[in-house]
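Subject: Structure for your review

Dear colleague,

Please find below a structure that I am handing over to you. I would be grateful if you could look through it together with the notes that come after it.

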Amino acid sequence: MSQLKKIEDDVKSLNRKDAKAFAQWFERWQADLWDEEIGADVASGRFDQAVEQAKLDARSGKLRPL
């Protein structure tokens, strides 16, 4: 049995209370992973060009308030 299949089976066997607690933990864990990924992208300069373009667009009046 694969590790993923074992996890799926284990999650399916949880009672409602534990399943809800697991879902909340998993959601927080995914959000933390996302935050780490975005932080690494920012630190690497991945968004620098987009930020600069947005600043130019704002200064030139190409943007409008939401």
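The notes below set out what was found, from the whole chain down to single residues.

This is a predicted model, in which local features need pLDDT of at least 70 and side-chain atom pairs count only at pLDDT 80 or more, whereas totals for chains, interfaces and linings use all residues. Residues are numbered from 1 along each chain as its sequence is written, and side-chain values use heavy atoms, with hydrogens and water left out.

Confidence

The pLDDT, which is the predictor's confidence in each residue on a scale from 0 to 100, averages 96 over the chain. A score of at least 70 is reached by 100% of the residues. Confidence is highest in α2, at a mean of 98, and lowest in α3, at 95.

Overall form

The chain contains three helices and zero strands; these elements are DSSP runs numbered from the N terminus, with helices being H or I over at least four residues and strands being E over at least two. In sequence order the pattern is α-α-α. The radius of gyration is 21 Å, well over the 11 Å that the globule rule gives for 66 residues, so the chain is more spread out than a compact globule. That radius is taken over C-alpha atoms, and the rule is 2.2 Å times the number of residues to the power 0.38. Along the principal axes, the C-alpha trace spans about 60 × 25 × 15 Å.

W34, in helix α2, is 28 Å from N15, C-alpha to C-alpha, at 19 residues apart in sequence.

Surface and burial

Accessible areas come from the Shrake-Rupley method with a 1.4 Å probe, and for residues only the protein chains shown count as cover. The chain exposes about 6,300 Å², of which carbon and sulfur atoms supply 57%. Buried residues make up 3% of the 66 residues, where buried means under 20% relative accessible area, exposed means over 50%, and partly exposed lies in between (1.4 Å probe, protein chains only). W34 counts as exposed at 52% relative accessibility, while A54 counts as partly exposed at 37%.

Which residues form a nonpolar patch on the surface? They are L14, F22, W25, F26, W29 and L33, with about 510 Å² of accessible area together. Patches are made of residues with over 30% relative accessible area and no salt bridge; like charges are joined within 9 Å, and nonpolar side chains (Val, Leu, Ile, Met, Phe, Trp, Tyr) within 5 Å. One of the patch residues, W25, is placed in helix α2 and is partly exposed, with a relative accessible area of 41%.

Salt bridges

Side chains of opposite charge can pair when their charged atoms come close. The structure holds four salt bridges, each defined as a side-chain nitrogen of Lys or Arg within 4 Å of a carboxyl oxygen of Asp or Glu. Three of them, described here, are D10 with K6, D41 with R46 and K55 with E52.

- D10 and K6: the closest N and O atoms are 2.9 Å apart. The two residues are four apart in helix α1 (residues 3–12), so about one helical turn separates them. D10 is partly exposed at 37% relative accessibility, and K6 is partly exposed at 43%.
- D41 and R46: the closest N and O atoms are 3.4 Å apart. D41 is found in helix α2 (residues 16–44) and is buried, with a relative accessible area of 14%, whereas R46 is exposed at 58%. Leaving aside residues up to four places away in sequence, D41 touches R46 and F47, a contact being heavy atoms within 4.5 Å.
- K55 and E52: the side chains meet at 3.7 Å, N to O. These residues are three apart in helix α3 (residues 48–59), so about one helical turn separates them. K55 is partly exposed at 39% relative accessibility, and E52 is partly exposed at 42%.

Yours sincerely
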